[in-house]
Amino acid sequence: MESPTTGSARPGAVSEMLDFLRRYSREQLDSRRMDERRGFHLSLIPDLAQAGLFGLQVPKRYRGQELPHSDTIKVWRQAGAIDCNLLILLAVHNTLGVPPVQHFAREEVRAAVLPELAQGRRLVTSAVSEPSMGSNVRAITSTATKRPDGSYVINGGKQWISLGNDAHHVNLFARLTDENGQDTGITGFLVDTSTPGFVRGPEVVTLGLKAVPQNSLSLENLHVPAESLLGEEGKGLVAAKTAFTQGRLMLATGALGAAMRALEMTQRFARRREVATGNLAENGRIQQIIAESVAATQAVEMLVEHIADRLDSGREVPEPFYFAAKILGCELMWQVVDRCVQLLGARGFVDTNVVGQFYRDYRLFRIFEGTTEAITVYLGSMVLKQPQQFLSIFDEFDLDPALAEYVDRVDKLTTTTTTGGQQRHILAGQIGELACWAILSALTAEGRTRSSMHAHTASWSEQQLADKLRSAEESRPFVELPTADELARHIGDFESSIGNVEQRRPGIQHDLDLLLRRG
């Protein structure tokens, strides 16, 4: 397995990339056109490739940039501030696609494939999600059967695959069966998409992020050689987790860039706008909303920078930090964009004023790489199983007495007695959210003395933790919920209130006429 990138990039490389992205945004990029036409302009990929943006952390010996993590997040933040489609194009390739190849493919495969990927001559993505499952890799149903000659035959289907129809290589994950018919676990494969049996499916029509296609894929007796293996047989979860963890950090950082730009435009508007109470920026309630938004933005920035610094120094990053980045990073930053839409008034609802498109595009980040609700419950379940392991995270922080007490109260909540799966899931969701806020509060508290804004951010983060902790404590005992059947019956009765309004008017026929198709 290739060791993680520690960073030996050419001095000034990231500054040149940031300058390129800013200049390209001003002179070449047309976000409205990409959104309306659901695609990129033809010169985009070669232009980005020329700037080295498809090999950000690929080692130099494979023609990559070998950027440290602290520089890579600057690229994500910049791309996120420009256009979500641009960010995801680069990020899917660099975080979901490249790392499994770089860290788990055989050396001869890396030597052949990575230079092509790093120079943008080929795109790569990962295919995990299926029609019946999302980010829960253990629920994969696609199958791979090992043949006597060491090769594999893969069957199944994948869904919601970013760049699924455009990538030349796909990291596929399937459940492997050995020569004796025994299930040996989830296994990863690097697949050339020109291989017979790799069938590209249609693109789904999405609410936002319209220029990056989300495709379904079919694997029909897809025959791949032994050297396509990513890592060891039955240990594909390790490779998939590598992609997910990098992807979660990227999502938080890209959303951070979007929030920064949205706030910049909102502040510009507020300073220029006069309302009945006077200047909008000087209205106390508006100032409060902007201050809370800036605090959230700075807190997320401190979190992603902390993770990047740990990675660059070779220190272990506790898994809850990645969950906190995904959960709070994506949730808080989308809330900031939502507030900016509100503060801009009618101008926020005009789609050509940037923030409206951010509102649509970045909404997906609360779903990408696992929905907020699902992974919050997952994180909470982890903490409930091993609370002391989670609490050990705070050993490296010099917590003040008040914050230490809050962490102790979170620990006390893990001993809550629950009856049935419903209450257990609710408790896990609460614990997962509190774990994220405890991490964010500890980090922001460490930077309290750096500036008056840092002091405000630390106080704001701690207040959020206190409020959510009090709410969780006051919810005991849990209110009994209606059963799933009772809810389904009640919602089913809505049909009598609203009637059947499903639209059936024929649309545009896209398929080739039956009499013109091949037999």
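Author: Before we start: helices here are DSSP runs of at least four residues, numbered from the N terminus. And keep in mind that this is a predicted model.

Reader: How many residues does helix 15 have, and how far does it reach?

Author: To judge a helix's span, you compare it with what 1.5 Å a residue would give. Helix 15 (residues 452-474) has 23 residues and covers 33 Å from its first C-alpha to its last, close to the expected 33 Å.

Reader: Which residues of helix 15 are buried?

Author: Buried means under 20% relative accessible area. In helix 15 the buried ones include His-454, Trp-460, Glu-462, Leu-465 and Leu-469. Their cover includes helix 8 (284-312), helix 9 (319-343), helix 13 (401-413) and helix 14 (420-446).

Reader: Let's zoom out. How many helices and strands does the chain have?

Author: You'll find 17 helices and ten strands. The radius of gyration is 24 Å, close to the 24 Å the globule rule gives for 519 residues, so the chain is as compact as a globular protein of that length. Its C-alpha atoms fill a box of roughly 70 × 60 × 60 Å along the principal axes.

Reader: And what share of the residues is buried?

Author: Of the 519 residues, 51% count as buried. Among contacts with a separation of 6 or more, 76% are between residues 24 or more positions apart.

Reader: What about charges: how far apart are the mean positions of the positive and negative ones?

Author: There are 55 positive and 63 negative charges, and their mean positions are 4 Å apart.

Reader: Back to the backbone. Which loop holds Arg-38, and what is its phi?

Author: Arg-38 isn't glycine, yet its phi is positive, near 55 degrees. Arg-38 is in the loop between helix 2 (31-37) and helix 3 (44-50). With a relative accessible area of 26%, Arg-38 is partly exposed.

Reader: Then there's Leu-163: is it buried or exposed?

Author: Leu-163 counts as buried, at 3% relative accessibility. Its phi is also a positive value in a residue other than glycine, near 60 degrees. Look for Leu-163 in the loop between strand 3 (152-162) and strand 4 (169-177).

How values were computed: Residues are numbered from 1 along each chain as its sequence is written. This is a predicted model: local features need pLDDT of at least 70, side-chain atom pairs count only at pLDDT 80 or more; totals for chains, interfaces and linings use all residues. Side-chain values use heavy atoms; hydrogens and water are left out. Helices (H or I, at least four residues) and strands (E, at least two) are DSSP runs, numbered from the N terminus. The radius of gyration is taken over C-alpha atoms; the globule rule is 2.2 Å times the number of residues to the power 0.38. Buried means under 20% relative accessible area, exposed over 50%, partly exposed in between (1.4 Å probe, protein chains only). Contact means heavy atoms within 4.5 Å. Lys and Arg count as positive and Asp and Glu as negative; His and the chain ends are not counted. The place of a charge is taken as NZ of Lys, CZ of Arg, CG of Asp or CD of Glu. The expected span of a helix is 1.5 Å times one less than its number of residues.
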